[in-house]
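Hi,

Here is the structure I promised to pass on. My notes follow below it.

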Amino acid sequence: MTEIEIDSESGFCFGVVTAIRKAEEELAKSGTLFCLGDIVHNSGEVERLQDKGLRTITHDDLSQLRNVKVLLRAHGEPPSTYRTASANGIEIIDATCPVVLKLQQRIKALYDNSEPDERPQIVIYGKVGHAEVNGLVGQTEGHAIVVEDIAGLDLVDFGRPVALYSQTTKSLEGFNAIIAEIERRMQPGVEFRYFDTICRQVSNRVDRLRRFARGKDVVLFVAGAKSSNGKILFGHCLDENPRTHLLADESGLRGEWFDGASTVGICGATSTPRWLMERVRDSLANLLQ
């Protein structure tokens, strides 16, 4: 009989837990709540909350709404979003993750407290267009430089001071590679500062997941297609175990994956709900009967 185990430390991070709790509390009171963007990068959880009355909107939608309540998810938002809400009489339910909020404040303080001719180039290691990154760039009135990889550093002037930050869910390995490359390119005597702003609740999962993946014959990594964190953590599992498979839900299961397997591990991203991993487990158990 095949042993199936769900990783006890996989699933929602505290920022996502808080956002969902706030949404459920408001929905229990009023039955309707708007959310700016998907509350979490997992379609199953989004659909569950939609059934309770959560309505996902875009920034264009926000500009048209008046006198309603809008939840800001854990990723955070730029100052322009708060200005639009205030002008339209919108009540904000702010679920910005505390780690993201602190990072926003740090970037804003550096930008606001520097004279334009003395201000360092603010560089953010992150995914272009990601909601969290958009919120960080907004703290600099759009002047921050976003780099996804070493190739993106061509946008930086290495003859001017640089201050480097990271999107909270990026990998430490990637961040350290960016630091090393900037140090290599900086002109002598030009200031370069970097700030490790990666969330440890996320980064500390890497070693745990690697051990978990190593100890299983087959690994199922459950994550939504939009989850940046999911892509990173899946990659770590795959590095340890080539029989790691990425799936959004139980419909992605394939019987041939488990030929000869006596142990199967199920894990997921910080945006993966526990109930979804349990549903994959139950479907797999039925498949293997």
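Two strands pair if DSSP finds at least two bridges between them. Strands (E, at least two residues) and helices (H or I, at least four) are DSSP runs, numbered from the N terminus. S8 and strand S9 (residues 192-194) pair in the parallel sense over three bridges. There, Leu 164 stands opposite Tyr 194 in S9.

Before the rest, the ground rules. This is a predicted model, with local features needing pLDDT of at least 70 and side-chain atom pairs pLDDT 80 or more, while totals for chains, interfaces and linings use all residues. Residues are numbered from 1 along each chain as its sequence is written, and side-chain values use heavy atoms, leaving out hydrogens and water.

**Strand S8**

Ile 122 stands opposite Ala 163 in S8.

Is S8 (residues 162-166) enclosed or open? Five of its five residues are buried, so S8 is largely enclosed by the rest of the structure. Buried means under 20% relative accessible area, exposed over 50%, partly exposed in between (1.4 Å probe, protein chains only). In a regular strand, side chains alternate between the two faces of the sheet. Both faces of S8 are covered. Val 162, Leu 164 and Ser 166 are buried on one side, Ala 163 and Tyr 165 on the other.

**The four-stranded sheet**

An open sheet runs in the order S1-S12-S10-S11, with parallel pairing. S1 (3-6) and S11 (244-247) stand at the edges with a single partner strand each, so one side of each has no neighbour in the sheet. Strand S10 (residues 218-222) pairs with strand S12 (residues 263-268) in the parallel sense over five bridges. Val 219 stands opposite Gly 265 in S12.

H9 packs on this sheet and touches S1, S10 and S12. Contact means heavy atoms within 4.5 Å. The direction of H9 makes about 160 degrees with that of S12. Axes are lines fitted to C-alpha atoms, for helices over the stretch in contact, and angles run from 0 to 180 degrees between N-to-C directions. Helix H11 (residues 274-287) lies across S1, S10, S11 and S12, at about 175 degrees to S1.

**H9 against H10**

Helix H9 (residues 205-214) packs with helix H10 (residues 228-240) at about 40 degrees, axes 8 Å apart. The two are therefore oblique to each other (under 35 degrees is roughly parallel, over 145 roughly antiparallel, 65 to 115 roughly perpendicular, the rest oblique).

Best wishes
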